[in-house]
Amino acid sequence: TGQKIVAEGIRADRILYSPLIRAAETLSTRFNPVVGCIRSWDFSRFGWVYPVIIDNMLNLELLFWAAKETGNKRFYEIAVSHAHTTMKNHMRPDGSSCHVVDYDPETGIVRGKWTHQGLSPESSWSRGQAWGLYGFTMCYRETGDPAFLDEACRIAEYVFNHPNMPGDLVPYWDFDISPAPDEPRDASAAACMASALYELSGFGTSGAVRYRQWADRILENLTASYRTEPNGFPGFLLKHSTGAKLLDMEVDKPLVYADYYFLEALLKKHKSEKQLR
């Protein structure tokens with residue numbers, strides 16, 4: 001019994017002082033209950049007052065984890081609020097999303113919709129669609145809310161049935177650009193989408209088989225045509241990602257998060273194949 005108490009005390013101490021818990025607490029301080037979202041940036045490129053980006057759907061996983069580790073329901077509530085507000089204001093009827101929504105922090109009213117890395121406020125920035133697909137898939141896993149599952153499926157159908165999606169399923173940097181051989185692709189978006197699709201395919205939806213097939217094709221093509229050459233980009237696995245084309249930042253370059261989601265997708269594929277045997 002004494003050993004158990006000591007062990008539990010050590011665990012409690014580790015949780016209390018965990019850098020991840022501190023990160024979740026810090027992230028939570030950026031939540032405004034009037035807006036219903038976590039503020040993304042403090043800079044104001046277009047006179048933004050309270051900008052929220054679709055990318056922040058990925059941050060919610062930290063809050064869901066922290067809620068389970070600490071028993072603090074506030075983390076969970078913030079994550080769910082952010083996801084529902086993002087679904088309401090970022091997502092469009094066709095399943096695509098804008099990049100930035102700027103809010104009035106006093107009223108929660110949407111002041112405007114913008115982009116920072118895409119072609120235009122009205123376009124569908126490719127990695128933004130990946131963030132949404134992955135984020136809502138993860139939110140369904142953590143909450144069981146069918147609205148999140150439906151949203152993830154809508155994004156998947158929009159992206160992979162888009163007329164500008166290339167045959168290898170590695171998108172150009174924005175779905176609204178005119179496809180051309182010299183337009184940069186975004187392998188990071190493809191890798192993130194593949195990882196999301198493997199998880200989405202396990203939720204028993206009508207598109208499950210299709211989602212897995214899309215994910216398999218992405219990984220096959222990333223492996224065959226987007227891998228870095230030996231010593232070509234030391235420390236990286238994938239090339240041909242795009243950070244922000246119009247800002248001339250990280251255009252047609254390797255990106256660390258492309259490699260992260262590529263490896264995650266490979267692990268998910270391996271795990272699911274083991275379960276199917």
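Helices (H or I, at least four residues) and strands (E, at least two) were taken as DSSP runs and numbered from the N terminus. The structure is a predicted model, in which local features need pLDDT of at least 70 and side-chain atom pairs count only at pLDDT 80 or more, while totals for chains, interfaces and linings use all residues. Residues are numbered from 1 along each chain as its sequence is written, and side-chain values use heavy atoms, with hydrogens and water left out.

An open sheet of three strands is found in the order β3-β4-β5, with antiparallel pairing; two strands pair if DSSP finds at least two bridges between them. The edges are formed by β3 (51-53) and β5, each of which pairs on one side only. Neighbouring strands of this sheet are turned by 25 degrees against each other on average, direction ignored. Axes are lines fitted to C-alpha atoms, for helices over the stretch in contact, and angles run from 0 to 180 degrees between N-to-C directions.

Three bridges link β3 and β4 in the antiparallel sense, and Pro-51 stands opposite Asp-102 in β4. Strand β4 (residues 100-103) is joined to β5 by four bridges, and these two strands also run antiparallel. Here Val-101 stands opposite Lys-113 in β5. The hairpin of β4 and β5 has six residues between the strands, and Gly-108 takes a positive phi near 80 degrees in it. Helix α4 (residues 73-89) lies across β3, β4 and β5 and runs at about 105 degrees to β4.

His-116 is located in the loop between β5 (110-114) and α5 (126-143). Neighbours within four places in sequence aside, His-116 is in contact (heavy atoms within 4.5 Å) with Trp-41, Phe-43, Arg-45, Trp-48, His-99, Val-100 and Leu-247.

Pockets were located on a 1 Å grid over the protein atoms alone, as open sets of points where a 1.4 Å probe fits, with protein on both sides within 12 Å along at least five of seven lines; lining residues have an atom within 4 Å of a point. The lining of the largest pocket consists of Tyr-198, Glu-199, Arg-212, Leu-267, Lys-268, Lys-271, Ser-272, Gln-275 and Leu-276. Both α7 (187-200) and α9 (256-276) supply at least two residues of this lining, and α9 gives the most, with six residues.
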